[in-house]
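Below is a walk through one protein structure, paragraph by paragraph. Keep the sequence and the 3D view side by side while reading.

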Amino acid sequence: MARYYFDLHNGEGPTRDEHGTELRSREDIPKELTRILLDVARDELPVGDRMIIAITVRDESGDPVTVASLVFNNEWLDVLR
């Protein structure tokens, strides 16, 4: 098992993961990323018409291994008329 750190970047600024999550392998990272992104989106959306939620994953030595993001974009069509 390896420990990975999931640092959140959202409308409130960056939040550094100080505890980390133990995963069996690197292949488990996308599933954990998806879970976190959907939880954050559920809690924070809709805040406005556009929001980007991103997570940078670091390994045990602190090196970044991947980044994932979720973009919410809402366009009011009746305003464009």
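**Charged residues and a nonpolar core**

Glu 44 belongs to helix 1, which covers residues 29-44. The model is a predicted one. What is the nearest side chain of opposite charge to Glu 44, and how far away is it? That side chain is Arg 42, 12 Å away. Glu 44 is buried and yet has no salt bridge. The side chain of Glu 44 does make a polar contact, at 2.7 Å, with the side chain of Asn 10. Asn 10 is also among the residues that Glu 44 touches once those up to four places away in sequence are set aside; Glu 12 and Met 51 are the others.

Other charged residues do pair. Side chains of opposite charge can pair when their charged atoms come close. How many salt bridges does a search of the whole structure find? The search finds seven.

In another salt bridge, the side chains of Arg 24 and Asp 28 meet at 3.4 Å, N to O. Arg 24 has a relative accessibility of 68%, so Arg 24 counts as exposed. Salt bridges can also be linked: Glu 32, Arg 35, Asp 39 and Arg 42 form a network of them.

Now turn to the nonpolar residues. In soluble globular proteins, nonpolar side chains tend to be buried together. The largest nonpolar core here has 15 residues. Those with the most contacts inside this core are Tyr 4, Phe 6, Ile 29, Leu 33, Ile 53, Ile 55 and Val 57. Strand 1, helix 1 and strand 4 each supply at least two residues of the core. Which of the elements gives the most to this core? Helix 1 does, with six residues.

Leaving aside neighbours within four places in sequence, Val 57 is in contact with several residues, including Tyr 4, Phe 6, Ile 29 and Leu 33. The contacts of Val 57 also include Tyr 5, Asp 63, Pro 64, Val 65 and Thr 66.

Conventions
Residues numbered from 1 in each chain as written. Predicted model: local features only at pLDDT ≥ 70, side-chain atom pairs only at ≥ 80, totals over all residues. Heavy atoms only, no water. Helix = DSSP H or I, 4+ residues; strand = E, 2+ residues; numbered from the N terminus. Buried < 20%, exposed > 50% of the residue type's maximum accessible area, 1.4 Å probe, protein only. Lys, Arg positive; Asp, Glu negative; His and termini not counted. Salt bridge = Lys/Arg side-chain N within 4 Å of Asp/Glu carboxyl O. Polar contact = N/O pair within 3.5 Å; in protein donor to acceptor, adjacent residues only side chain to side chain. Contact = heavy atoms within 4.5 Å. Core = buried A, V, L, I, M, F, W, Y, C linked by side-chain atoms within 4.5 Å.
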